[in-house]
Amino acid sequence: MSKIMFDYTKSVLERVSFDPILFCKELEKAIKALLPYEMELLREWLLKFIIEKPELKQCLLIVNT
């Protein structure tokens, strides 16, 4: 079940990546919903994902706190 939630979270984040503010809001929701080990996976995915979208770099602060 948790794999489904993680994949859903990535899907949502990819869809809203055009807007940094919306992306950060969805990321905050994901942090509340995901398990600790899933957060590690999400952090790794984010680092790779924002390479192509530097405007989202500010959202890493949310994950690192």
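Visitor: Which residues does Met39 touch, not counting residues up to four places away in sequence?

Guide: Leaving out those sequence neighbours, Met39 touches Ala30, Ile31, Leu34 and Val63. Contact here means heavy atoms within 4.5 Å. A word on ground rules: this is a predicted model, where local features need pLDDT of at least 70 and side-chain atom pairs count only at pLDDT 80 or more, while totals for chains, interfaces and linings use all residues. Residues are numbered from 1 along each chain as its sequence is written, and side-chain values use heavy atoms, with hydrogens and water left out.

Visitor: Why does Met39 count as buried?

Guide: Buried means under 20% relative accessible area, exposed means over 50%, and partly exposed is in between, using a 1.4 Å probe and protein chains only. Met39 has 10% relative accessibility, so it counts as buried. You'll find Met39 in helix α3; helices are DSSP runs of H or I with at least four residues, numbered from the N terminus. Met39 and Phe6 are 33 residues apart in sequence, yet their C-alpha atoms are 8.8 Å apart.

Visitor: What does Leu34 touch, not counting residues up to four places away in sequence?

Guide: Met39 again, along with Met5, Phe6, Thr9 and Leu42.

Visitor: Which residues have the most contacts inside the largest nonpolar core?

Guide: Leu34 is one of them, and the others are Leu13, Phe23, Leu27, Leu42, Trp45 and Leu46, in a core of 19 residues. α1 (2-15), α2, α3 and α4 (60-64) each supply at least two of the core's residues, and α3 gives the most, with 5.

Visitor: What makes a set of residues a nonpolar core?

Guide: The members are buried Ala, Val, Leu, Ile, Met, Phe, Trp, Tyr and Cys residues joined through side-chain atoms within 4.5 Å. As a general point, nonpolar side chains in soluble globular proteins tend to be buried together.

Visitor: Why is the pair of Phe23 and Phe49 called stacked?

Guide: Two numbers do the work, because a pair of aromatic rings is described by the distance of the centres and the angle of the planes. Rings of Phe, Tyr and Trp (its six-membered ring) pair if their centres lie within 6.5 Å; planes under 30 degrees apart count as stacked, over 60 as edge-to-face and the rest as tilted. By this rule there are 2 aromatic pairs. The Phe23 and Phe49 rings are 6.2 Å apart centre to centre with 10 degrees between the planes, and they form a stacked pair. Phe23 lies in helix α2 (residues 20-33) and Phe49 in helix α3, so the pair ties together parts that are 26 residues apart in sequence.

Visitor: What about the rings of Trp45 and Phe49?

Guide: Their centres are 4.7 Å apart and their planes at 15 degrees, so this pair is stacked too. Trp45 and Phe49 lie in helix α3, 4 residues apart, which is about one turn of the helix. Trp45 is buried, and so is Phe49. Ring pairs link Phe23, Trp45 and Phe49 into a cluster.

Visitor: What makes Lys29 and Glu26 a salt bridge?

Guide: A salt bridge needs a side-chain nitrogen of Lys or Arg within 4 Å of a carboxyl oxygen of Asp or Glu. For Lys29 and Glu26, the closest N and O atoms are 3.2 Å apart. The two residues are 3 residues apart in helix α2, so about one helical turn separates them. Glu26 has a relative accessible area of 18%, so it is buried. Glu26 also touches Val12, Leu13 and Val16, not counting residues up to four places away in sequence.

Visitor: How many salt bridges does the count come to?

Guide: The count is 3. In one of them, Lys3 meets Asp7 in helix α1, with the closest N and O atoms 3.3 Å apart. Lys3 counts as exposed because its relative accessibility is 54%, while Asp7 is partly exposed at 30%. Arg43 and Glu40 form a salt bridge at 2.6 Å, N to O. Arg43 and Glu40 are partly exposed, Arg43 with a relative accessible area of 22% and Glu40 with 42%.

Visitor: Which residues make the nonpolar surface patch?

Guide: Leu35, Tyr37 and Leu41 do, over about 290 Å², an area from the Shrake-Rupley method with a 1.4 Å probe, where only the protein chains shown count as cover for residues. Patch residues have over 30% relative accessible area and no salt bridge; nonpolar side chains (Val, Leu, Ile, Met, Phe, Trp, Tyr) are joined within 5 Å, and like charges within 9 Å. Leu41, in helix α3 (residues 36-49), has a relative accessible area of 38%, so Leu41 is partly exposed.
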